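Have the model open as you read.

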Amino acid sequence: MRGRVSEHVIAGRGQARSYGSLLTRLLHTHTHFRYHFASIDSLVHLMLSRAPSVRIFSVVLLALAMLFAGCSKDRNRIADATADELYDKAKQALDGSSWDRSIALYKALQTRYPFGRYTEQSMLDLSYAYFRAGAPQEALSTLDRFIRTYPTHPSVDYAYYLKGLVNYEQNLGFLEKMMPVRIRDRDQSQAETAFLDFQELIRRYPDSRYVPDARQRMVFLRNNLAAYEVIVAEYYLRREAYIAAANRARYAVEVYPNTPSIPEALKVMHEAYTQLELPELAQDSWDMLALNYPDFYYVNGKRKPRSWGERLWPFD
């Protein structure tokens, strides 16, 4: 028995030495991998000729070696690049929609060449990359820094426009993009900020090429802001908070005139003043509604029509 056990142990030690020598050869191959690319075929042949467990370990080791070698090589290229080369690489990544890579390259450019001729443009490009990468706060902080540092730059109007665009897109979540009718009953703080950003652009640079698009977006934002006030007023009306409902509807009429939500606001005012037993104010609201919107459903005694999005949305 003692002899059998001894033979088993000796055989196990021999197998351990065999695997140990293989591991040593693999590590030696890994160490010299970057200097012996010509031997890659022999390395693959060596891995495929071994046991499955050793083969898997070898493949993982080879993949890690290639990854680390590639990252090290890329870092070396960035470290040795000139300002022109860095900017060209960053611009190519930006044009190719590689947002994360372009961000890394623009940041490297700003770190290594903070006062070079690409400083201003790289800040604008970096802001756009942040915006497209889904990092709005980083984009806004970079744009604010650009406006403070270069207030007379020829492209500062673009910085104001991009600020408005960043806040505009923050107001549009996934569900809002799928169901645009639901945008108006969400928090509108970002919409108000975007509206003010576009307004500042138009005030400072009325001849900017970004003004026409900013105006169109402002119309959309203004309509949504008015609709939001009416939705809040309707909520108060359903809760029988008639004073709050009337005040919110009147605010929409005064601040956002000539928007599509004005007839609904006048309707809320008429109903709220009626419930508050204020017949003169209720009559004034009705007269204004009937005079300016004679085809409105409420004036004609009909029920409010519902859009397909409102039918699909079960919450009110």
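## What covers α6

The buried residues of α6 are covered by elements including α4 (83–95), α5 (99–112), α7 (136–149) and α8 (156–170). Helices here are DSSP runs of H or I with at least four residues, numbered from the N terminus; buried means under 20% relative accessible area with a 1.4 Å probe, protein chains only. This is a predicted model, so local features need pLDDT of at least 70 and side-chain atom pairs pLDDT 80 or more, while totals for chains, interfaces and linings use all residues. Residues are numbered from 1 along each chain as its sequence is written, and side-chain values use heavy atoms, without hydrogens or water.

In α6, 10 of the 14 residues are buried, among them Met123, Leu126 and Phe131. Just past the helix, Gly134 has a positive phi of about 80 degrees.

## The nonpolar cores

A nonpolar core is a set of buried Ala, Val, Leu, Ile, Met, Phe, Trp, Tyr and Cys residues joined through side-chain atoms within 4.5 Å. The largest one holds 49 residues, and Tyr161, Leu162, Phe198 and Leu221 touch the most other members. Two or more residues each come from α4, α5, α6, α7, α8, α10 and α11 (211–238), with α8 giving the largest share, nine residues. A second, separate core has 21 residues, including Ala245 and Met269.

## Leu201 in α10

Leu201 sits in α10 (residues 189–204) and is buried, at 0% relative accessible area. Beyond its neighbours within four places in sequence, its contacts (heavy atoms within 4.5 Å) include Tyr160, Tyr161 and Ala214.

Key
Buried < 20%, exposed > 50% of the residue type's maximum accessible area, 1.4 Å probe, protein only.
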